Amino acid sequence: MTERNNNESLPGYEKIKSILNESPDLNCRKIEAGQVGIHIIFMKNLIKPEILNEYVIKYIEELSVEYLHYTYLMKNIPIEEIKVNLEEQEVISSLLKGFAYIYFLDEKKAFMVNCANPIERSIEKAETESLVYGPKISFTESLTSNVKIIRQNLNDYNLCTDEIKIGERAQKQVRIVYIKDIANDDTLQTLKERIKQLKTDNISDSSVLAQCLEDNHYSFFPQFILTELPDRFIYSIINGRIGVFIDGSPVGIIGPANFFSFFESTEDIYLRWSLSTFIRFIRFFAIVGSIFLTAIYVAAMTYHFELIPSKLLFIIGQSRSHVPFPPLLEALLLELLIELLREAGARLPSKVGQTMGIVGGIVIGQATVEAGLTSNILIIIVAFSALGASSAPIYEMGTAVRIARFPIIILAGVWGLNGIIFGICILMVHLLKLTSLNKPYLAPLYPLRMKDLQYFLIRLPHHFYMRRPLVNRPKDSIRLKERLRNITDLDEF
Amino acid sequence: MKSNIRFVNAFMAFYIIHTSQIGMGILGVPRIVYLESKKDAWISILLSGLFVSLITWLMISILKKNEGGTLFEIHEHIFGRLIGSIFNFLIVIYFIAVHYSITISYVELSLTWGYEGVYEWVWVLALLILTIYAVSGGFRVVTGVCFLSFLLTIWLLFVVYRPLQTINLTRILPIMTTTPSEIMKGVVKSSYTMLGFETLFFIFPFIKEKNKLQLFSQIAVWFTTILVLITTVVSILFFSAKELEKNVWPVVSMISTVHFSFIERFEFVAVPLWILVIFPNLCITLYISSMGIKQIFHIKQKYGIWLISIIPFICSFLITKRVDNNYFFDQIGKIGFFLWFIYPIFLYGITIIKSKINTRSRRR
């Protein structure tokens, strides 16, 4: 251990006190043993008193006088993490993290020991992304425990957790998690550069960080997957993606993401292939329906009565006969009502929220139809599209769909089916233009990679997955070296 | 200089060429060819397809001989900067005209089926904004538009099952009742539909595996020919002679016989969907013409897009009547025929002579 002669830069108690604005939490325990004076300075609320009492103060008091000097104590104090070679800035920031500062008055030397007592919530079940099957554990607000969860489940020595510090004022630790011999170097480099370029005073959550790192800040669509499920995180990392944690956020960021990855849930892997494929198709149809169905209703009601078969037209006509609004207004009214219900349900305490949902959904829905403000066909359609938007396994995609619906409804109201097709074209071009960490957003579809479609569009039995998806450009693409089962002839075993 | 070009796979050439061929033309081609070569219209189409296939082969050999630039670069290379630029300028004007012809013919169609009374410039402006948005994403996005619009619209082919149920085989028999000259006239008339393969001249530098390009462009050209052939044959079988001669868009009329249990009149879906079919055409023509502007005047392509887009918008106030449009399409078809069916043959000759002169001068 090389030691610098940095006595001048080491602050004493008075100096620290003035830097920390006379904080009442700042305590100084003065120990005098023989000729030697030692100051133990710490923040009262941030440390664990047991550690400080047991392993620092008691240890020092039990030592005989000849050992009471900097070199011996620094080498032998029974605490796992100590800091030496200190600078003033570091002393202050470490104090605020829960370190105790041990200062030798005569020698004018000091070191710090870790007595931190971080507030941690216990690891609980995932709430926003719920799985029927599979592990239920979710990330917590503590970065250490998140990394611990990942390490525990992915025991690979090539798993890297690189540390970057961001935030000018409130510095936070960011960890970039990837597997060294799988993750693509260019992507990693881009991500690291973008994080380093962030010069903001505070990043409050990982969702904020994700938005700061995006390629296109104006897009409706999320360009990173945000997840609170460790198994999803690990699945993505093993497939060559890169994960990011930030201190204090229970949500991990995964990138590069593509459009289709927002429709896969880890549950698809746990369930049998047939059901998973079926469910995946249902999700796609639900999302497409959710975006376009109300718009199609508006277009057909405003411009294209010819489209509707006469029997159906009769039913719709009957239910719309008392509606005083044009279809566009009617649809917007109901869509806004549904969004309002959802928002109110999310904001209210959970016990009241349920009641509100019932009151809003049933009473208001029934009443608007009976009052003749909307047709009940539209209620069915709007309810369907609200359901469809929530079928996306990633919450952010659901919100993107909810928002994307409105411009298309307005286009449909203005220009009918032509307007909807314009909407489709804009959406198409937008998705084609989007990139996530410089990787194309519509990836397995365009640029077309047939072999990757089995990952993103459908789900096959597991022995088909011999290679990792190539869209993430993994360095090592082989997953299975041999087929799980060789193909045998009849009557062979 | 070319390090910043984004490459696409060779099989994307299939989508680019095919989607730029299929567009507004296919909706009217059965009538237009039928007017010239009557029952043997399908022979004209086949001959035209054969011709296109040959020209495609010729084009690729020209491009390979000229070390794979675009046609604009080849012109400058062969004729020098000044004359080459004049040639390029003519080609740019041609593409702008094609762009406008596609736009206005779609607008005409859309005004006929469900949007009577909307001003032409509204649709033209909307389509232009869409196209500018797409083209400003660069070649990768234009290719993506071709690919996705192909996927989203190719299923329209299956709606021919319905007219197939009411066809009359005697309408096409006997074969060869028209004179060869009439059939050749039909070939010329079909050019407006078959054109689009000339994009090959301009996408060449963007293709990754250049030796596979021949295969995919031939597949594209023949796929288009077969599609046009199917629509022509089915419309001849479906319509009586007089009906076909009077129907400007026989294919749309054919689609109107299709109905599902949840959609009564399918053509009202098909006509808006046709925006997706013409969208690649618009993107490609705008892209190519802006590329030409960049080559000639050395201004950035993103400004070129905006400059060019003004022209169709102004035209949308002037050329809007059916008669004018018809004349306009006819002229573009003719110019296109000479430009892309005949001119490549000359260009091929010039290239060969030029390369021979070059090799001789090198030997000395």
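Begin by selecting both chains and the contact between them, which takes 18 residues from chain A and 26 residues from chain B, two residues being in contact if their C-beta atoms, placed from the backbone, lie within 7 Å. On the side of chain A that touches chain B there are, by class, 14 nonpolar, 2 polar and 2 charged residues, where Ala, Val, Leu, Ile, Met, Phe, Trp, Tyr, Cys and Pro count as nonpolar, Asp, Glu, Lys and Arg as charged, and the others, Gly among them, as polar.

This is a predicted model, in which local features need pLDDT of at least 70 and side-chain atom pairs count only at pLDDT 80 or more, while totals for chains, interfaces and linings use all residues. For your selections, residues are numbered from 1 along each chain as its sequence is written, and chains are lettered from A and ligands numbered from 1 in the order in which they are written.

**Between the chains**

Next, select helix H15 (residues 395-433) of chain A together with helix H5 (residues 120-135) of chain B, whose axes come within 9 Å and cross at roughly 10°. Helices (H or I, at least four residues) and strands (E, at least two) are DSSP runs, numbered from the N terminus, and axes are lines fitted to C-alpha atoms, for helices over the stretch in contact, with angles running from 0 to 180 degrees between N-to-C directions. H15(A) and H5(B) are therefore roughly parallel to each other, given that angles under 35 degrees count as roughly parallel, over 145 as roughly antiparallel, 65 to 115 as roughly perpendicular and the rest as oblique. Show the side chains of Phe422(A), Cys425(A), Ile426(A) and Val429(A) on H15(A), which meet Ala126(B), Leu130(B), Tyr133(B) and Ala134(B) on H5(B); by class, this contact has 8 nonpolar, no polar and no charged residues.

**Within chain B**

Move to helix H2 (residues 25-37) and helix H11 (residues 213-238) of chain B, which pack at an angle of about 60° with their axes 9 Å apart, and which are therefore oblique to each other. On H2(B), select Ile26(B), Val29(B), Pro30(B), Val33(B) and Tyr34(B), whose partners on H11(B) include Leu227(B), Val228(B) and Thr231(B); the contact has, by class, 8 nonpolar, 3 polar and no charged residues.

Then colour helix H4 (residues 71-112) of chain B, which has 42 residues although its end C-alpha atoms are only 38 Å apart, short of the 62 Å that a straight helix would reach at 1.5 Å a residue. Centre on Gly80(B), where H4(B) bends by about 130°, the bend being the angle between axes fitted to the seven residues ending there and the seven starting there. After H4(B) comes Gly114(B), whose phi is positive, near 110°.

**Within chain A**

Select helix H12 (residues 327-347) and helix H13 (residues 350-370) of chain A, which pack at an angle of about 165° with their axes 9 Å apart, and H12(A) is therefore roughly antiparallel to H13(A). Among the residues in this contact are Leu337(A) and Leu341(A) of H12(A), and Gly353(A), Gly357(A), Gly360(A) and Gly361(A) of H13(A); by class, the contact has 5 nonpolar, 5 polar and no charged residues.

Asn85(A), in the loop between strand E3 (82-83) and helix H4 (88-97) of chain A, has a positive phi, near 50°.

Note on methods
The expected span of a helix is 1.5 Å times one less than its number of residues.
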